[in-house]
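Hello,

Here is the structure I promised to pass on. Please open it alongside this note, and then read what I found.

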Amino acid sequence: TLDPMERRFLLRTLVERTKGMNALLTDLLDLERLDAGISEPRRFPADLCELVRRVIRGSSVLAGRGIELVDARCPANVDTPKVERIIENLLSNAARHTAAGTPIRVRCRRESDAALLIVEDEGPGVPPGFEEIVFEAFHRGPNAEGTPGSGIGLSLVARFAELHGGRAWVEPREGGGASFRVLLPDEEIV
């Protein structure tokens, strides 16, 4: 007895909520695996910029967002699914904390024997003293009030970076906003 438009809207809502629940469950399982020490990177050669493009194309959260990718080749030796999750979490975080129409900038570049991923936004930024807290599981910055999120995404960013022998950090962006950075060394972890 539902109108076809109403039915489509309800089905679309159901699909989006189901995807969200699945993503949350996957994040929680990944945290558990990382805590148990049973997750290791499976590295293969990849182009970091191509991974960014793939994540942007496949994300409904980022649809219609102005994402500026400095299009340069950036070879890396990484666990592709984990790095795609890093990219997705950083871009989703930037999209949640910026107004629609505000650009999100992504740069990939080589730094010695590592790849560096930089995601910058023009949102409220991360207040001083919260630079490390935002990467802890279930913690969110004070500017996160009223925005959706579980406090898991940035924690996974940091943990996946560490799994690669790298690190994740945030700096203030010149002109306002945040500059999230992830360094991914090429060498295998022993």
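D47 stands opposite P75 in strand 3. The partner strands here are strand 1 (residues 44-47) and strand 3, which pair in the antiparallel sense over four bridges. Two strands count as paired if DSSP finds at least two bridges between them. Strand 3 (residues 75-78) has two faces: A76 and V78 are on the covered one, P75 and N77 on the uncovered one. In general, side chains in a regular strand alternate between the two faces of the sheet.

Some ground rules. This is a predicted model: local features need pLDDT of at least 70, side-chain atom pairs count only at pLDDT 80 or more, and totals for chains, interfaces and linings use all residues. Residues are numbered from 1 along each chain as its sequence is written, and side-chain values use heavy atoms, with hydrogens and water left out.

Now the whole chain. It has four helices and seven strands. From the N terminus on, the order is α-β-α-β-β-α-β-β-α-β-β. Both kinds of element are DSSP runs, numbered from the N terminus: helices are H or I with at least four residues, strands are E with at least two. The C-alpha trace spans about 60 × 40 × 30 Å along its principal axes.

Of the 190 residues, 44% count as buried. Buried means under 20% relative accessible area, exposed over 50%, and partly exposed in between (1.4 Å probe, protein chains only).

Next, the cysteines. How many disulfides does the structure hold? It holds zero, where a disulfide is a pair of cysteine sulfur atoms within 2.5 Å. C74 is in no disulfide; its nearest cysteine sulfur, that of C108, is 5.4 Å away. For C49, the closest cysteine sulfur is also in C108, at 3.4 Å, so it is too far for a bond. C49 is buried at 0% relative accessibility. C74 is buried too, with a relative accessible area of 0%.

Helix 3 (residues 80-96) is mostly covered: 14 of its 17 residues are buried. It reaches 24 Å from its first C-alpha to its last, close to the 24 Å expected at 1.5 Å a residue. The expected span is 1.5 Å times one less than the number of residues. N93 lies in this helix and is buried, with a relative accessible area of 10%. Leaving aside neighbours within four places in sequence, N93 is in contact (heavy atoms within 4.5 Å) with L154 and F180. The C-alpha atoms of N93 and L154 are separated by 8.0 Å, though the two are 61 residues apart along the chain.

S155 is found in helix 4 (residues 153-163). Is S155 buried or exposed? At 3% relative accessibility, it counts as buried. Beyond its neighbours within four places in sequence, S155 is in contact with L31, F135, E136 and A137.

One last serine. S112 lies in the loop between strand 4 (104-111) and strand 5 (114-120). S112 is exposed, with a relative accessible area of 73%. It has a positive phi of about 50°, although it is not a glycine. Most residues other than glycine have a negative phi.

Best wishes
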